[in-house]
Amino acid sequence: MTERPPLLGDLIRMVIKMIVGGIVVIGLVSCGVMTVAGAGAAAGGGAKIAKPKVSETLYGNEESDNSILQVDIKGPILTHRSKDETNFFSAISAVTYGYEVKEQLLDAAKDDKVKAVMLFVTTPGGSIVGSQAIHDGVLAVKAAGKPVVAYVDTISASGGVWSTAGADKIFADYGSLIGSVGVNFGNWLHYDDPVALDGGLFGGGVTTRGGVKASFVGAGLGKDLGNPFRAMTEREQTLLNETADYFYQMFLDHVVKHRNMDRQKLVDDYGAMIFGNAGAQARGYIDGTKSFQETLAFIAESAGVTGDDWKLVSPPEEKLSPFEQMFGASLEAISGDRGLITQTARVCDELTSRPVVMSAQALADLCGA
């Protein structure tokens, strides 16, 4: 009896099974678990296989065993990466997590192949906690007897100054801006007698004559501080200024100690302004103007690895399999603007809910606050 040919539905199901099965096999093989899963389970419960970490050579002699580690401080400085950001991609690539940078620096301090560290800086500042974490990592590398040099590409403001002040030298490329020693504790809004909210409190315009009332339920004096339907009290203003000044004095102490700058001039003359190369060098924020290549040559000489026997490398990262690269790129394309908006909201929540070393203009540019 003649067999009937497969129907269209059968063919489609067969193709789907083949595709799904192929992806699973590729994923298992590329992640290195197919041949070792059984042995791992027999040895003690199927422990997760650690992926190898690799560094990328960014510049110089790829065959050299002498590494200069480039550690990036790019974009707003935050503290920790949230759990749901530790996947194949991140909607905002130009964000620095201070404790991740600290770990990179602590690893560099213990790695015999790393002869020196370049801090690649282009940041408007950010979290005090994150900036101090980076600074602690810098001191660890210096304590290991390895040079740490900061290279400013375009801007190093506020948290950038805090995090790099302990470096052996700080150079800025031509046309950069450096400075802004000050503390920002947010922009506290108050709507005076609002009538209506068009599109919600943060979604539209506010008309401010007559009739809308707001009731706060809570306990604790000042617990509703930030409620936009009431003005800040004089006592609240005083206490907030006291907190901001505490962190400002800490910032001043930090810069004076590590950059040997004049404290009184920082307060009365320089303030929280930013300066171009010549002005920044004259005031002590940087040690000179050098290009990327000139800075690298200086670092190599400081580390005693002159000539071409050195290479600039990135911090070691887990090597993604071809499957993860393909899957991650697909997820990034699918997530689109939604992922960007979500992560931007997280970034802005951290930067606007606590004292930060970041200018009001930079905050407004990023968060509209």
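Me: A salt bridge is a side-chain nitrogen of Lys or Arg within 4 Å of a carboxyl oxygen of Asp or Glu. How many salt bridges does a search of the whole structure find?

Reply: This is a predicted model, in which local features need pLDDT of at least 70 and side-chain atom pairs count only at pLDDT 80 or more, while totals for chains, interfaces and linings use all residues. Residues are numbered from 1 along each chain as its sequence is written, and side-chain values use heavy atoms, with hydrogens and water left out. For the whole structure, the number of salt bridges found is 5.

Me: Which residue forms a salt bridge with Lys-74?

Reply: The closest N and O atoms of the pair are 3.6 Å apart. Accessibility is sorted by cut-offs: buried is under 20% relative accessible area, exposed is over 50%, and partly exposed lies in between (1.4 Å probe, protein chains only). Lys-74 counts as partly exposed because its relative accessibility is 30%. Its partner, also at 30% and partly exposed, is Asp-72.

Me: What span is expected for helix H6?

Reply: H6 covers residues 234-259, which makes 26 residues. The expected span is 1.5 Å times one less than the number of residues. From its first C-alpha to its last, H6 reaches 36 Å, close to the expected 38 Å.

Me: Which strands do the buried residues of H6 pack against?

Reply: The buried residues of H6 include Leu-240, Tyr-248, Phe-251 and Arg-259. They pack against helices H4 (128-143), H5 (159-164) and H7 (263-270). The strands they pack against are S9 (169-172) and S17 (356-358).

Me: How many residues does the largest nonpolar core have?

Reply: A nonpolar core is a set of buried Ala, Val, Leu, Ile, Met, Phe, Trp, Tyr and Cys residues joined through side-chain atoms within 4.5 Å. In the largest one, the residues with the most contacts (heavy atoms within 4.5 Å) include Leu-105, Leu-119 and Tyr-285. Leu-119 touches residues such as Val-71, Ile-73 and Val-138, not counting residues up to four places away in sequence. The number of residues in this core is 39.

Me: Which strand is joined to S3 by 8 bridges?

Reply: Strand S3 (residues 67-74) is mostly covered, with 6 of its 8 residues buried. Two strands pair if DSSP finds at least two bridges between them. S3 and S15 (residues 311-313) run parallel and are joined by 3 bridges, with Ser-67 having Lys-311 as its partner. The strand joined to S3 by 8 bridges, also parallel, is S6.

Key: Helices (H or I, at least four residues) and strands (E, at least two) are DSSP runs, numbered from the N terminus.
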